[in-house]
Amino acid sequence: TVRIKSNKMKTEKQMKEKKHVSGSQKGGQTTEKLKKRIADHKLMAVVAIIIVIGIIYLLGTLYFRNHFLPRTVINGVACGGKNIETSTERFAQAAKEYQLTLKERDDKEETISGSDIDLEVDPGEQLEQLMESQNSFAWVANIFKKNENSAETAVTYDSEKLRQVLESLECVSGAEIRDSQNASLSDYQDGVGYELTDAVYGNRLDENVFYEKVDEAVNMMASELDLDGSGCYVDPVYTADSREAKEMLEKANRYVNTTITYQFGKKEEVLDGSVISQWIRTGDDCSVSLDSEKEKEYVSQLADKYDTKWKSRTLVTHSGKTVTVPAGGNYGWRVNQDETIAKLNEYLEAGEDYTGEVVYYQRAAQYEEPDYGDTYVEVSISEQHFWYYQNAKVVLESDFVSGDPTKGRDTPK
């Protein structure tokens with residue numbers, strides 16, 4: 001009995017194990033089928049999507065054979081997705097609504113309206129040519145980029161009205177128009193000289209360039225015109241970085257940093273930057289020159305001060321009396337003004353300091369008074385007598401006879 005039960009229990013256990021194995025196999029087969037079914041569905045979905053995309057692409061390609069590609073802009077007019085007829089209507093509407101914004105300096109803006117100048121636009125055959133030249137297969141790529149085009153459309157407007165509009169603009173006739181200025185010399189500073197003051201950019205327009213650029217912008221139906229970027233302003237020719245400006249600075253400082261010391265015996269006249277700076281003249285081309293009239297005036301003042309020729313002078317006579325010898329005669333110091341100026345310019349051009357005399361036509365015995373020194377002849381017409389002094393001592397004297405008044409030959413005095 002025990003054996004029978006034991007065998008029976010083994011048999012039942014084996015049957016249960018077989019059932020378990022069989023159930024596991026069936027579950028595995030079901031999972032595999034489910035995975036395959038899902039994969040099939042995904043594949044079908046991908047294929048369907050590709051087919052749909054392909055259909056959309058082909059339809060788009062067909063559509064854009066007679067419509068402009070997405071995001072197409074022609075002369076500032078949006079024509080993307082539009083056919084020739086609709087695009088032509090858009091040009092007509094754009095002409096009515098057209099406005100050109102002028103971007104000016106100082107962050108200012110002004111506008112020109114198409115209606116103020118009777119603007120009309122006829123694209124003619126240009127739209128057809130542009131459409132024929134486009135690649136309809138590339139319509140997808142154009143969705144992601146702007147397709148700018150230009151066409152020689154027949155833009156017409158009243159040129160006289162445009163000129164009147166332009167002349168009324170603040171940037172043309174306003175009260176705040178400023179001229180540009182080239183780089184220039186600063187004020188002179190003693191001991192320093194000059195420095196460069198950088199160029200100043202004004203807002204005065206070159207009207208010929210301005211009118212030309214506006215005309216181009218209107219013909220292209222541009223929405224804005226950057227006057228600065230288009231070169232419409234009259235800008236400085238020379239800035240502080242220009243070679244010409246640097247040469248101007250160097251030359252001016254060479255002049256004012258030169259010191260000329262003229263000696264007149266124990267007296268001196270010093271010519272330095274404080275005076276020379278008043279002679280500096282600069283041109284629009286950054287040239288530097290000296291005011292010749294100022295130079296003449298300076299040297300003329302030296303001559304007036306130190307020339308003794310033709311001037312009266314005092315004389316202590318043999319009797320100890322001091323008399324005044326009237327002006328006249330050829331004796332005395334006389335500055336050669338032209339040669340003095342010529343030499344002065346040589347020193348200034350070279351930047352060489354100079355200490356010495358001016359250039360003379362003629363010289364006297366000494367700078368100090370009396371300029372005739374201590375060797376001279378004293379002549380007394382009234383006494384008909386002369387005294388010859390040498391080293392301030394009379395070494396010879398004598399009577400003389402001068403002239404004949406009875407015959408009109410008086411001795412000049």
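Student: Which residues does H67 touch, not counting residues up to four places away in sequence?

Tutor: The model is a predicted one. H67 lies in the loop between α1 (2-63) and β1 (72-74). Setting aside residues up to four places away in sequence, the residues that H67 touches are G81, K82, N83, M131 and Q134.

Student: Is H67 buried or exposed?

Tutor: The relative accessible area of H67 is 14%. Because buried means under 20% relative accessible area, H67 is classed as buried.

Student: In which element of the protein chain is confidence lowest?

Tutor: The protein chain has a mean pLDDT of 88, and 92% of its residues reach 70 or more. Confidence is highest in strand β18 (residues 354-356), at 98. The lowest mean, 71, belongs to α1.

Student: How many residues does helix α2 have, and what does it reach from its first C-alpha to its last?

Tutor: Helix α2 covers residues 84-97, which gives it 14 residues. At 1.5 Å a residue, the expected span is 20 Å. The helix is close to that expectation, reaching 20 Å.

Student: Within what arc do the buried residues of α2 fall, seen down its axis?

Tutor: The buried residues in α2 are S87, F91, A94 and A95. They line one face of the helix, because seen down the axis they fall within an arc of 100°.

Student: Against which elements do the buried residues of α2 pack?

Tutor: The face turned away from the buried side of α2 carries the exposed residues E85, K96 and E97. The buried residues of α2, by contrast, pack against β1, β2 (77-78), β5 (120-122) and α3 (126-133).

Student: Which element gives the most to the largest nonpolar core?

Tutor: The largest nonpolar core has 36 residues, and those with the most contacts inside it are L100, L102, F210, V214 and L227. Elements giving two or more residues to this core include α2, β3 (99-103), α3 and α7 (207-219). With five residues, the element that gives the most is α7.

Methods
Residues numbered from 1 in each chain as written. Predicted model: local features only at pLDDT ≥ 70, side-chain atom pairs only at ≥ 80, totals over all residues. Heavy atoms only, no water. Helix = DSSP H or I, 4+ residues; strand = E, 2+ residues; numbered from the N terminus. Buried < 20%, exposed > 50% of the residue type's maximum accessible area, 1.4 Å probe, protein only. Contact = heavy atoms within 4.5 Å. pLDDT = per-residue confidence, 0-100. Expected span 1.5 Å × (residues − 1). Arc of directions from axis to C-beta. Core = buried A, V, L, I, M, F, W, Y, C linked by side-chain atoms within 4.5 Å.
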